[in-house]
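My notes are kept in the order of looking.

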Amino acid sequence: MKFLADGMLGKLTRWLRMLGQDVIYSVQFNDSELLELAKKEDRVLLTKDFELYKRAIGRGMDAYYVEGKTEPERLAEVAKRYNLQLTIDMDKSHCPICNTKLNPTPKEQLQGELEKNTFTYYDKFWKCPNCGQIYWQGAHWKQITNTLTQAQQKRLCL
Ligand SMILES: [Zn+2]
């Protein structure tokens, strides 16, 4: 399953990519371009624009109107609708910045690219082969799992 998110869903896009989903996103696309691209690449259109949602549905496309007010709510509804796991396996994650699949990378290869403390305290790293961004489950990871736990709880209530 592949997604295309409208320009209002940048944050949701980054979450879905981390969850391993292929999501195209750009603030540059206008409505017609979104519809055309979704159709051409057989992507589910995620949108906060009800008019755009109706146009997509009217053309027989798979589209989802995102209503949640918070990130856990948005994640919960999309996960429920498309049966997505709300857990992150970094070996399957796509780069939140550019949507390329991440590569697990031995830390020896990253010496000089990381701050000394990061290099010392963490052992597992992933690198984006496209934009070069390096990821690890650092201090922010607790916040990420908190958000996902909230999303899992909300999903049960939908
Ligand atoms: Zn990247």
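**Ground rules.** I am working on a predicted model, in which local features need pLDDT of at least 70, side-chain atom pairs count only at pLDDT 80 or more, and totals for chains, interfaces and linings use all residues. Residues are numbered from 1 along each chain as its sequence is written.

**Whole chain.** I looked up the secondary structure and found six helices and seven strands in the protein chain. Helices (H or I, at least four residues) and strands (E, at least two) are DSSP runs, numbered from the N terminus. Along the sequence I read the pattern β-α-β-α-β-α-β-α-β-α-β-β-α. The C-alpha trace spans about 55 × 35 × 20 Å along its principal axes.

I then checked burial: 27% of the 158 residues count as buried. A residue is buried if 20 or more other C-beta atoms lie within 10 Å of its own, exposed if 12 or fewer, and partly exposed in between, with C-beta atoms placed from the backbone. For contacts with a separation of 6 or more, I noted that 53% come from residues 24 or more positions apart. Two residues are in contact if their C-beta atoms, placed from the backbone, lie within 7 Å.

**Domains.** The domain assignment gives domain 1 (2-82) and domain 2 (91-136); such bounds come from an automatic or database domain assignment. I find their C-alpha centres 27 Å apart. Eight residues from domain 1 and six residues from domain 2 make the contact. On the domain 1 side, helix H1 (10-18) and strand E2 (22-25) are the elements that give two or more residues. That side divides into three nonpolar, two polar and three charged residues. Here Ala, Val, Leu, Ile, Met, Phe, Trp, Tyr, Cys and Pro count as nonpolar, Asp, Glu, Lys and Arg as charged, and the others, Gly among them, as polar.

**Strand E3.** Which strands pair with E3? Strand E1 (residues 2-5) runs parallel to E3 and is joined to it by three bridges, and strand E4 (residues 63-65) also pairs with E3 in the parallel sense over three bridges. Two strands pair if DSSP finds at least two bridges between them. Leu46 in E3 is the bridge partner of Ala5, while Leu45 stands opposite Ala63 in E4. From E3 the chain crosses through helix H3 (residues 50-58) to E4, a right-handed β-α-β crossover. Right-handed means that, with the strands pointing away from the viewer, the path from the first strand over the helix to the second runs clockwise.

Last, I looked at the faces of E3 (residues 44-47). In a regular strand the side chains alternate between the two faces of the sheet. Val44 and Leu46 on one side, and Leu45 and Thr47 on the other, are all buried, leaving both faces covered.
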